[in-house]
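Let's take a walk through a protein together. Keep the sequence and the 3D view side by side as you read.

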Amino acid sequence: MGRTPPHPEVSQFDLQQVLEALVDPVRRSIVTQLDDAAEDLACGTFDIPVSKSTATHHFKVLREAGLIRQYYVGTSRMNALRRADMDKAFPGLLDALTTPQAKGAR
């Protein structure tokens with residue numbers, strides 16, 4: 001496993017935990033930025049209005065809920081949206097969050 005943090009399996013996803021992760025606007029922003037990105041993003045590249053330590057907390061909540069997968073490339077911790085896994089567990093949930101209409105409602 002090395003430096004890669006643990007991630008829940010799809011069978012371990014809990015809807016309550018996912019919804020609690022998504023209730024925070026900073027975490028929703030992280031999810032939508034990942035959805036919009038053409039590739040995985042390093043933690044320091046997100047446009048979020050919080051300190052580094054607070055951002056670390058938000059990434060941990062998203063990872064523990066199963067929304068993102070984190071891994072290292074050199075010294076950068078990369079983040080990937082687990083869209084296929086979320087779509088399998090909770091069809092339509094991420095679409096409801098990331099469609100242009102949902103983004104405009106914020």
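**Strands, helices and a core**

In strand E3, Met78 is the bridge partner of Ala42. Before we go on, a word on what you are looking at: this is a predicted model, in which local features need pLDDT of at least 70 and side-chain atom pairs count only at pLDDT 80 or more, while totals for chains, interfaces and linings use all residues. Residues are numbered from 1 along each chain as its sequence is written, and side-chain values use heavy atoms, with hydrogens and water left out.

Two strands pair if DSSP finds at least two bridges between them.

Now for the sheet. It is an open one of 3 strands in the order E1-E3-E2, with antiparallel pairing. Strand E1 (41–42) and E2 stand at the edges with a single partner strand each, so one side of each has no neighbour in the sheet. E1 pairs with E3 over 2 bridges, in the antiparallel sense. E2 (residues 68–73) is joined to E3 (residues 76–81) by 6 bridges, and these two run antiparallel as well. E2 and E3 make a hairpin with 2 residues between the strands, where Gly74 takes a positive phi near 65 degrees.

Next, have a look at helix H1 (residues 15–22). Its buried residues are Val18, Ala21 and Leu22, where buried means under 20% relative accessible area, exposed means over 50%, and partly exposed is in between (1.4 Å probe, protein chains only). These three cover an arc of only 95 degrees around the axis, which puts them on the same side of H1; the arc is that of the directions from the helix axis to the C-beta atoms. Why might that be? An α-helix has 3.6 residues a turn, so residues three or four places apart point the same way. The buried residues of H1 pack against helix H2 (25–36), helix H3 (52–65), helix H4 (83–89) and helix H5 (93–98).

That brings us to the core. A nonpolar core is a set of buried Ala, Val, Leu, Ile, Met, Phe, Trp, Tyr and Cys residues joined through side-chain atoms within 4.5 Å. The largest one here has 23 residues, and Ile30 and Leu67 have the most contacts inside it. H1, H2, H3 and H5 each supply at least two residues of this core, and the largest share, 5 residues, comes from H3. Leaving aside neighbours within four places in sequence, Leu67 is in contact (heavy atoms within 4.5 Å) with Val18, Ala21, Leu22, Leu62, Ala80, Leu81, Arg82, Met86 and Leu94.

Is Arg82 buried or exposed? At 5% relative accessibility, Arg82 counts as buried. You'll find Arg82 in the loop between E3 and H4. Not counting residues up to four places away in sequence, Arg82 touches several others, including His7, Phe13, Gly66 and Ile68.

With 14% relative accessibility, Ile48 counts as buried. Beyond its neighbours within four places in sequence, Ile48 is in contact with Val26, Ser29, Ile30, Gln33 and Ala55. Over in helix H3 sits Thr56, which is partly exposed, with a relative accessible area of 47%.

One last stop: Arg3 lies over the face of Tyr72, at 3.8 Å from the ring centre. A charge sits over a ring if NZ of Lys or CZ of Arg is within 6 Å of the ring centre and within 35 degrees of the ring normal.

Conventions
Helices (H or I, at least four residues) and strands (E, at least two) are DSSP runs, numbered from the N terminus.
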